Amino acid sequence: MRFLRLSATRTSRLLLAGVVAPLSLGLVGLAPLASSETARAAVAAGPGAGASQATANGQSRGSVGLKPRTKLRPSGPVTIRRNGTVLKRLDIRGGVRVEAKRVKIRNSRIRGNGTGNGVQVTRGGSVVIKDSEISDFSNGIAYSNWTARRVEIHSMTADGVKLGSNVKLLDSWIHDLTPGAGAHADGGQVQSGVRNTKIVGNTIDAGRGNAALFISPSLGPSSSGPVKIRDNSLDGGNFTLFVVDGAHGKYVIKDIRVVGNVFGRNHRYGASRTNVPVRWRDNRYADTLEAIRR
């Protein structure tokens, strides 16, 4: 069973301009994104590319992923070294490496060959990705200082996304993982101590992978968080949501909040497993609205 999250999302329209060159490029900066408010609900449905989203009262609020009939220009792999660079309407064969600040990627498709990262943010870089599709890498988006809004991520041989610090995964859809041999495949994975990580309003289906969300600072250090997991539709995996300490209790993320999520029943062992303090409230199964206890 897959679940399409119904959400209310408003973002500002941005005027983007510039010319794209393969391998290394940069454009002028642009105004920041407007904030959004989301309302939780879910229905048993099979979302597809560009699947429509709606508020709880059924009003349309756009789509997830690359919008239908978007005209794209072909591009090879891209490395971004100029602050404020904007990429838009590109069909990128290969990954995007972000070495600059305030980078924007919108209305684009990023495709790989089963290895590497779709979008990799290096130390000191930052990026906002909107209304785009990322497929066929080891990991869709990797490391810290990124925001993904209405992004479709699929066909990853390892993890949908690597969740670092200062990350926002919003109103996006992660599905159809294709784990490689020995892969610990998660929809979203935290591996280190993180700060300011938000996972809000997404549909994440781990399928036959390990977990929809795996939150463990196994590489250390301990951190203050917060990690906010709110208003998501989660399904699949061994335990769908896995929130534990790292290195057998040596590392812990404080202030983890799990609120208002709905779960499918396609897990192997259970909806969740936690062994650290978690603020847990109003998490339910989607089919019966039965409350899920930790």
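Here are some questions and answers about the predicted model shown above.

Me: Before we start, what pLDDT do local features need here?
Reply: Residues are numbered from 1 along each chain as its sequence is written, and side-chain values use heavy atoms, with hydrogens and water left out. This is a predicted model in which totals for chains, interfaces and linings use all residues, side-chain atom pairs count only at pLDDT 80 or more, and local features need pLDDT of at least 70.

Me: How many helices and strands does the protein have?
Reply: Helices (H or I, at least four residues) and strands (E, at least two) are DSSP runs, numbered from the N terminus. On that basis the protein comes to zero helices and 33 strands.

Me: In what order do the strands of the ten-stranded open sheet run, and which are its edge strands?
Reply: Two strands pair if DSSP finds at least two bridges between them. The pairing in this sheet is parallel, in the order S6-S9-S12-S15-S18-S21-S24-S27-S30-S33. Pairing on one side only, the edge strands are S6 (73-75) and S33 (284-285).

Me: Zooming in on S24 and S27, which residue is the bridge partner of Ile204?
Reply: S24 (residues 203-205) and S27 (residues 233-235) pair in the parallel sense over three bridges. In S27, the partner of Ile204 is Leu234.

Me: What share of the 294 residues counts as buried?
Reply: Buried means under 20% relative accessible area, exposed over 50%, and partly exposed in between (1.4 Å probe, protein chains only). For the 294 residues of the protein, the buried share is 55%.

Me: Are the rings of Phe214 and Phe242 stacked or tilted?
Reply: Rings of Phe, Tyr and Trp (its six-membered ring) pair if their centres lie within 6.5 Å; planes under 30 degrees apart count as stacked, over 60 as edge-to-face and the rest as tilted. The structure holds three such aromatic pairs. With centres 5.1 Å apart and planes at 25°, Phe214 and Phe242 are stacked.

Me: How far apart in sequence are the parts that Phe214 and Phe242 tie together?
Reply: Both residues are buried, Phe214 at 12% relative accessibility and Phe242 at 14%. Phe214 lies in strand S25 (residues 211-215) and Phe242 in strand S28 (residues 239-243), so the distance in sequence is 28 residues.

Me: And the rings of Phe239 and Tyr269, stacked or tilted?
Reply: Their centres are 5.9 Å apart and their planes sit at 50°, so this pair is tilted. Phe239 is in strand S28 and Tyr269 in the loop between S30 (262-263) and S31 (270-274), 30 residues apart. Tyr269 is exposed, with a relative accessible area of 58%. Phe214, Phe239, Phe242 and Tyr269 form one aromatic cluster, and the pair you asked about is tilted.

Me: Which residue has its ring under the charged end of Arg265?
Reply: A charge sits over a ring if NZ of Lys or CZ of Arg is within 6 Å of the ring centre and within 35 degrees of the ring normal. The charged end of Arg265 is 3.7 Å from the centre of the ring, and that ring belongs to Tyr285.

Me: Which residues form salt bridges with Arg265?
Reply: A salt bridge is a side-chain nitrogen of Lys or Arg within 4 Å of a carboxyl oxygen of Asp or Glu. Arg265 is partly exposed at 37% and lies in the loop between S30 and S31, whereas Glu290 is in the segment after S33, 25 residues apart in sequence. The N to O distance is 2.8 Å for Asp287 and 3.2 Å for Glu290. Among the partners of Arg265 are therefore Asp287 and Glu290.

Me: Which residues make up the salt-bridge network that includes Arg109?
Reply: Arg109 and Asp91 meet in a salt bridge at 3.9 Å, N to O. Arg109 is in strand S12 (residues 109-111) and Asp91 in strand S9 (residues 90-93), 18 residues apart. Arg109 is partly exposed at 22%, while Asp91 is buried at 15%. Bridges that share partners give one network of Asp91, Arg109, Arg111 and Glu133.

Me: What is the phi of Asp136?
Reply: Asp136 is found in the loop between S15 (133-135) and S16 (139-142). Asp136 is partly exposed at 31% relative accessibility. Although Asp136 is not a glycine, its phi is positive, at about 65°.
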